[in-house]
Amino acid sequence: MLVLSLAVGIAICYLIPVAGLVLLWRKVKGAGKAFLIGALAFTVSQPLIRIPILQLVLPGFGWYAVLQLLPWEYGLFLGFTAGLFEESARWAAMSFLLKRQRDMEHGLAFGLGHGGVEAMLLIGPNMIAGLMMVLAGQGALFPADAGSVLTAGAERIFAMMFHVGASLLLMYGVKTGKALRYWAAAVALHTVLDAAVVILPSVFGVGVLGIEVYAAALGGMTLLFGIYVWRGKRCLVL
């Protein structure tokens, strides 16, 4: 069962974004570029900037140590900084690197690149290593069971849904000259999505299943919102 769950997880992390790219690439010119720029936006904003700051810089400050003891404040801090860095990178990449690729399909490809490379870099390698361990007869050393692996895979689907939705929002904002308001909406959505990972279990005692249901709901809502603004029914608020 663990082998099967790891295989499913690896397929989610790698095959879903690649398959989506292939489908878009065959239909839309520039989809490949949008996918790669989306992957670049995540790589620069998170592994190269935000994560090193969180792990190497902020631990040297006393206020950060205190902040980590306050679940509401710490959760909102992590959520807001994730939104600030990723959505700003998303906006900058679309504004300056995709001047001719700003259709809905390019937003879809961008989101698949952004969310796909996150799965490929942060989750996929551990699953590949786990599968190799199991096949080598060392499955007892892998620190997760089949259920946990499948849960991690489902989480990646929900995250990709969010990233595609947020990318559609930002792409629409950039194309229509309303980038600031859609950037703000994406940052807000990103904040409440990531903050919940800390706040729900620490404050409300919510378990893993509850967190995943929340992620699925917000990821799905963001995706539908992104599709909504492109389908001619513009959001009255924005």
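**Exercise 1. Packing of α7 and α9**

In this predicted model, helix α7 (residues 146–176) and helix α9 (residues 208–230) have axes that come within 8 Å and cross at roughly 25 degrees. Classify the relative orientation of α7 and α9, state the handedness of their crossing, and describe the contact by residue class.

*Solution.* 
1. Angles under 35 degrees count as roughly parallel. The crossing angle is roughly 25 degrees, so α7 is roughly parallel to α9.
2. The crossing of α7 and α9 is left-handed.
3. In the contact of α7 with α9 there are 17 nonpolar, 6 polar and 3 charged residues.

**Exercise 2. Packing of α1 and α5**

Two packed helices are described by the angle between their axes and the distance between the axes. Apply this description to α1 and α5, and name the class of their orientation.

*Solution.* 
1. The axes of α1 and α5 lie 9 Å apart, and the packing angle is about 160 degrees.
2. Angles over 145 degrees count as roughly antiparallel; α1 is therefore roughly antiparallel to α5.
3. The handedness of the α1 and α5 crossing is left-handed.

**Exercise 3. The largest pocket**

Characterise the largest pocket by its volume, by the residues closest to its centre, by the helices that supply its lining and by the classes of its lining residues.

*Solution.* 
1. The largest pocket holds about 680 Å³ of space.
2. It is lined by 28 residues, of which Glu118, Glu155, Arg156, Asp194 and Val197 are the closest to the pocket centre.
3. At least two lining residues come from each of α2 (31–57), α4 (71–97), α5 (104–122), α7, α8 (179–204) and α9.
4. By class, the lining comprises 17 nonpolar, 4 polar and 7 charged residues.

**Exercise 4. Separation in sequence and in space**

*Solution.* 
1. Gly9 and Gly20 are 11 residues apart along the chain, and their C-alpha atoms are separated by 16 Å.
2. Between Met221 and Phe162 there are 59 residues of chain separation, while the C-alpha atoms are separated by 8.1 Å.
3. Trp72 and Thr176 stand 104 residues apart in sequence, and their C-alpha atoms are 35 Å apart in space.
4. For Leu108 and Gln55, the sequence separation is 53 residues and the C-alpha to C-alpha distance is 31 Å.

Technical notes: Residues are numbered from 1 along each chain as its sequence is written. This is a predicted model: local features need pLDDT of at least 70, side-chain atom pairs count only at pLDDT 80 or more; totals for chains, interfaces and linings use all residues. Side-chain values use heavy atoms; hydrogens and water are left out. Axes are lines fitted to C-alpha atoms, for helices over the stretch in contact, and angles run from 0 to 180 degrees between N-to-C directions. Helices (H or I, at least four residues) and strands (E, at least two) are DSSP runs, numbered from the N terminus. Angles under 35 degrees count as roughly parallel, over 145 as roughly antiparallel, 65 to 115 as roughly perpendicular and the rest as oblique. A crossing is left-handed if the near helix is turned anticlockwise from the far one by less than a right angle, and right-handed if clockwise. Ala, Val, Leu, Ile, Met, Phe, Trp, Tyr, Cys and Pro count as nonpolar, Asp, Glu, Lys and Arg as charged, and the others, Gly among them, as polar. On a 1 Å grid over the protein atoms alone, a cavity is a set of points where a 1.4 Å probe fits but cannot get out, and a pocket is an open set with protein on both sides within 12 Å along at least five of seven lines; lining residues have an atom within 4 Å of a point. Grid points are joined across faces, edges and corners, and a volume is the space filled by probe spheres set on the points.
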